[in-house]
Amino acid sequence: MNSTPSLLNRILLTLLGLVLLAAGLLLVLLATAPAVANWWQSWSPGVWAGINQAFNATRFPGRGESWLWILVALALLLLIGLMVAWIAQQGKGRDNLLAAEYDPGEVPGDVRVGGGVAEQALKHALAGRPDLAGASVTTYSVKGSPALKVRLLPRQGVAPHLLAAEVSGLLSALEAVVGRETPVLIHIAAGARTRFGRAERVR
Amino acid sequence: MSSSVDAGTKQSRTRQSRRSSGQGPDMRRVLHRETHSSRAAVAVVAAVLVIVLAAYGLLEAAVHAIGQPAWLIEPQVAAQRLVELPAGISPLLLAAIGGVVAMAGLVFLLNGILPGRRARHLLPGAGLTAASPAVVVDDEVIASSLARRAQLAANVTPEQVMVVVSQRQVLVNVRPTSGVPVDEGTVLAAIEDELGQMALEPAPSARINVTASGVVGA
């Protein structure tokens, strides 16, 4: 429901996984296989010499340090910034606008219905039910259009299809009040509260 | 999945996308996102790991750039050690480090490429038409509901029934009360009836397993 970039997550995780896996395997092979160790000792000094050359060629005039270090620091800063941006993308997508439309009535202006209307109304309607250990309603913005997510925590042994049918009735009543069709997702979940709470005995 | 079911979902998808092209999100996509992991937690772990490594590198690079002595190890010394690798460190330690790094890499890689299906089922009948909401149910909820039904059908206490729900299979374990036989057929009929009412997607098949040894004093 939220706009976590799952494809980006998969790509970046796969990349990082491949890099770490390759590095780890190389280390293991270096320790165990003499052939790999020989190849590494003949190959890596050339690369290291090349890098050293680059650092030596880029010294500050009159000083011993290379300005390549500053480039390296900047690149690492950029990498950190990108990673922070990546973390910030996770779990985004909450919104608090249920409906917004131009009102063609006599008073000029728009009509906006906040997500709190649906959240409070549904929470109140679900509050007294003995078969629920908890319920939460959140408004999301999915590709720019509002959608509701109703998370229900039923007690043990509650039939999910009957519960879904009853909550659907509540939702259609809400739609009648708001006057606008909102896509709704009902998530019937299990959590610690349902796992250790008492079972519903009578229904 | 049989071909007839395939045709059905395809049909409903075209109907759905036609509806969603006007207004509202594509519920098929939303349901796919709900039944598959977004890998947000692993992504945050990976990002934090990269940030920590990069921050250390940044510190050493910055310290070196302004000509100060290094904090933990001079980058040149570290690179020199890397180049000379199999020498200078015990092979056991090197292999252990490599194993740990490879293992972490494997965890990230598998998180990236596996389908990441969550233990959830869809309750269709809803979701495909515009009016009714889409419903996603955790397998745990299905299991506890089925366990209650099986318990009533077998006439045993709740502790004697254990239900395992997976993507395509429901396994009901019943331990009968000692001396009171449990009719497997009755329990199976009850479970199938309940599953038929739920109309889960993907539909699991039910299997009953009545243990040979009973429970005393239940």
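Trainee: What should I know about the model and its numbering?
Mentor: It is a predicted model, in which local features need pLDDT of at least 70, side-chain atom pairs count only at pLDDT 80 or more, and totals for chains, interfaces and linings use all residues. Residues are numbered from 1 along each chain as its sequence is written, and chains are lettered from A and ligands numbered from 1 in the order in which they are written.

Trainee: How many residues of chain A are in contact with chain B?
Mentor: On chain A, 64 residues are in contact with 64 residues of chain B (C-beta atoms, placed from the backbone, within 7 Å).

Trainee: Which element gives the most to that side of chain A?
Mentor: That is α1(A), with 20 residues; helices (H or I, at least four residues) and strands (E, at least two) are DSSP runs, numbered from the N terminus.

Trainee: Changing topic, at what angle do α6 and α7 of chain B cross?
Mentor: The axes of α6 (residues 139–154) and α7 (residues 184–198) of chain B cross at roughly 145° and come within 9 Å. Axes are lines fitted to C-alpha atoms, for helices over the stretch in contact, with angles from 0 to 180 degrees between N-to-C directions.

Trainee: Which residues meet there?
Mentor: Among them are B:L146 and B:R149 in α6(B), and B:V187 and B:E194 in α7(B).

Note on methods:
Two residues are in contact if their C-beta atoms, placed from the backbone, lie within 7 Å.
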